[in-house]
Amino acid sequence: MAAGTLAAVVLGAAVLAGCSSGKSANSKASEAAGAVQKAASVAASAASELASAVGGAGGVGGAIASAEAEASAAISAASSAVAGIKGGLDAKADVAVGAVTIGSDGKAQAKLTVTNHGQQSYRYVIQLNFTDGSGKLLDATAVTVQDVAAGQSAQATARSHLDLSGTVKAEVGNAVRY
């Protein structure tokens, strides 16, 4: 049952991010990013339930499969947040990522510096991918940075949804400004 919940959450996030209504692009993007963050949280809970259910039957192998499913759900949700923004401009070059640290709660975090190279104020939605030392994708998150004035910079912090350890790197998977 938890696997079905996980699939429904990921699908729901993708649908929400792609919805079209009479709302502005800014409003839709903010809603999509919020929905993705909520969906990723629910997906993590569902994956934990799945790991508990599988733990008795599948042991370590089941827990590994569950962790991979959880990471896949977060990555899908983050991608959906960025893809859901219609009319956004590619802004990957506007984002610099600092070193990754692991907090006492086990979550990876990285400081982002967003520099608006445009001629007007923009909002940004950034997909940040967390990888291991060999480049394997471990987790992803979507970060929204509000109203960065033309020629100015803003700071943000991206946090993983999953507990990560060892060598963890962060890279911008995608970024749009709108």
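This is a predicted model: local features need pLDDT of at least 70, side-chain atom pairs count only at pLDDT 80 or more; totals for chains, interfaces and linings use all residues.
## Asn116 and its surroundings

Asn116 is placed in the loop that runs between β3 (107-115) and β4 (122-132). Its relative accessibility is 0%, so Asn116 counts as buried. The side chain of Asn116 has a polar atom 2.8 Å from the backbone oxygen of Gln120. The backbone oxygen of Ala149 lies 3.5 Å from a polar atom of the Asn116 side chain.

Leaving aside residues up to four places away in sequence, the residues that Asn116 touches include Tyr122, Tyr124, Val148 and Gly151. Asp94 and Arg177 are also among them.

## The salt bridge between Asp94 and Arg177

Side chains of opposite charge can pair when their charged atoms come close. The whole structure contains four salt bridges. In one of these, Asp94 pairs with Arg177, with 3.2 Å between the closest N and O atoms. Asp94 belongs to the loop between β1 (89-90) and β2 (95-102) and Arg177 to strand β7 (residues 168-177), so the pair ties together parts that are 83 residues apart in sequence.

Asp94 is buried, at a relative accessible area of 7%. Arg177 also counts as buried, at 14% relative accessibility.

## Salt bridges between strands

Lys107 forms a salt bridge with Asp163, the closest N and O atoms being 2.8 Å apart. Lys107 is in strand β3 and Asp163 in strand β6 (residues 153-163), so this pair ties together parts 56 residues apart in sequence. Asp163 counts as exposed, with 54% relative accessibility.

Arg123 and Asp147 form another salt bridge, with their closest N and O atoms 3.3 Å apart. Arg123 is buried, with a relative accessible area of 19%, whereas Asp147 is partly exposed at 48%.

Conventions
Residues are numbered from 1 along each chain as its sequence is written. Side-chain values use heavy atoms; hydrogens and water are left out. Helices (H or I, at least four residues) and strands (E, at least two) are DSSP runs, numbered from the N terminus. Buried means under 20% relative accessible area, exposed over 50%, partly exposed in between (1.4 Å probe, protein chains only). A polar contact is a pair of N or O atoms within 3.5 Å; within protein, one must be able to donate a hydrogen and the other to accept it, and residues adjacent in sequence count only if both atoms are side-chain atoms. Contact means heavy atoms within 4.5 Å. A salt bridge is a side-chain nitrogen of Lys or Arg within 4 Å of a carboxyl oxygen of Asp or Glu.
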